[in-house]
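Work through these exercises with the structure open beside you. Try each task before you read its solution.

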Amino acid sequence: MSSTESPSLPAASVLPRVAPVRVGEGERMRSVGLPGVTLSVRSRPGTRAGLPPALYVHGLGGSSQNWSQLMAELDGLVDGEAVDLPGFGDSPPPDDGDYSVTGHARAVIRHLDAAGRGPVHLFGNSLGGAVSTRVAAVRPDLVRTLTLVSPALPELRIQRSAAPTGLLGVPGVAALFNRLTREWTAEQRVRGVMALCYGDPTRVSPEAFQYAVEELERRLRLPYFWDAMARSARGIVNAYTLGGQQGLWRQAERVLAPTLLVYGGRDQLVGFRMAAKAARAFRDSRLLSLPDAGHVAMMEYPEVVATAFRELLEERGGLAANDVNSGAHEAGSNTES
């Protein structure tokens, strides 16, 4: 790995020791060193040999743990891995400090190339949905199917409830927010996040709530926590303004993989009205609308999302490894556009 570090961050070797991340039953965690980045990867090995690989990519402020429930639901159907994007979960910051959508997509591509797991069933939520869209567009050889849960694709009129998240990307706002909320407990912060992200926060079990509190307490001790949040939020805002071939909607139109779109009717961060536009943009798509779900349907309704994914596979006859696009590698040879 390159020894170059972002000038505003301490070297990984001097980062403080914090509590380990939680690893659920049947899961494993490992660290993967790649050029310019180290990724923490949560895996749920298949219950039998030969299962097709899947990769899950979380959203802003999330981690691989956001996918644990869906991974368990799909146990026996896919061999699942979920990444902690650079600066999130248990992954340290990227060496170059690049938290753009392209930077995160580059990290995912590097992981898939190094692991030789492609093509995968690729899942993305929110920021991870934008990242996964970019991966599927520039490297179709790596993606067998694409499942997007409330993907952060550009909206002309964002919801008022989503504005504070976007403002985190304004220089200085994250630091100001941190100072203003210094007295907030982790429990208060988690309740606020769940009220924003869940259609019905009462669906969160006391055990899951406590796990979320413990994870937030751990991450608040990391010196780069707010920097990763702010720069990634800025990356989303910047991606919303890109035009031409780099525009996310233009890239959505380039996706060749069969795509499952999941939108929640109570989503306060991604407008439910965007579902119809997304269904038109992705050339081979099917839409799952969940009127009572919020921004993280894979956590609120994992069994429903799992059923929709199974139906996608059944519709496609299981999708053999080369079914998506036999000439995809040539089409996506520019691996890190």
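**Exercise 1. Aromatic pairs**

Task: How many aromatic pairs does this predicted model hold, and how are the rings of Tyr56 and Phe123 arranged?

Solution. 
- Step 1. Start with the count: there are five aromatic pairs.
- Step 2. Take Tyr56 and Phe123. Their ring centres lie 4.6 Å apart, with 20° between the planes. Planes under 30 degrees apart count as stacked. Therefore the Tyr56 and Phe123 pair is stacked.
- Step 3. Tyr56 sits in strand β3 and Phe123 in strand β5, 67 residues apart, so the pair links distant parts of the chain.
- Step 4. Check burial. Both Tyr56 and Phe123 are buried.
- Step 5. Compare Phe225 and Trp226. Phe225 and Trp226 are both buried.
- Step 6. Look for a cluster. Tyr56, Trp67, Phe123 and Phe309 form one.

**Exercise 2. Two packed helices**

Task: At what angle do α2 and α3 pack, and which residues meet?

Solution. 
- Step 1. Know what to look for. Two packed helices are described by the angle between their axes and the distance between the axes.
- Step 2. Find the helices. α2 covers residues 101-115 and α3 covers residues 127-138.
- Step 3. Read the geometry. The angle is about 65°, and the axes are 9 Å apart. The crossing is right-handed.
- Step 4. List the contacts. α2 contributes Val101, Thr102, His104, Ala105, Val108 and Ile109. From α3 come Leu127, Ala130, Val131, Arg134, Val135 and Val138.
- Step 5. Sort these residues by type. Nine are nonpolar, two are polar and one is charged.

**Exercise 3. An enclosed helix**

Task: Why is α3 described as largely enclosed?

Solution. 
- Step 1. Size up the helix. α3 has 12 residues and spans 17 Å from first C-alpha to last, close to the expected 16 Å.
- Step 2. Count the buried residues. In α3, 12 of the 12 are buried, so the rest of the structure largely encloses this helix. Among them are Gly128, Gly129, Ser132 and Thr133.
- Step 3. Name the neighbours. The buried residues of α3 pack against β3, α2, β5, β6, α8 and α9.

**Exercise 4. One residue in its setting**

Task: Is Leu312 buried or exposed, and which residues does Leu312 touch?

Solution. 
- Step 1. Locate Leu312 in helix α12, residues 302-315.
- Step 2. Apply the cut-off. Buried means under 20%. Leu312 is at 1% relative accessibility, so it is buried.
- Step 3. List its contacts. Beyond residues up to four places away in sequence, Leu312 touches Thr145, Pro258, Leu260 and Arg286.

Definitions and conventions. Residues numbered from 1 in each chain as written. Predicted model: local features only at pLDDT ≥ 70, side-chain atom pairs only at ≥ 80, totals over all residues. Heavy atoms only, no water. Axes fitted to C-alpha atoms, helices over the stretch in contact; angles between N-to-C directions. Helix = DSSP H or I, 4+ residues; strand = E, 2+ residues; numbered from the N terminus. Left-handed = near helix turned anticlockwise from the far one by under 90°. Contact = heavy atoms within 4.5 Å. Nonpolar A, V, L, I, M, F, W, Y, C, P; charged D, E, K, R; others polar. Expected span 1.5 Å × (residues − 1). Buried < 20%, exposed > 50% of the residue type's maximum accessible area, 1.4 Å probe, protein only. Phe/Tyr/Trp six-rings, centres within 6.5 Å; stacked < 30°, edge-to-face > 60°.
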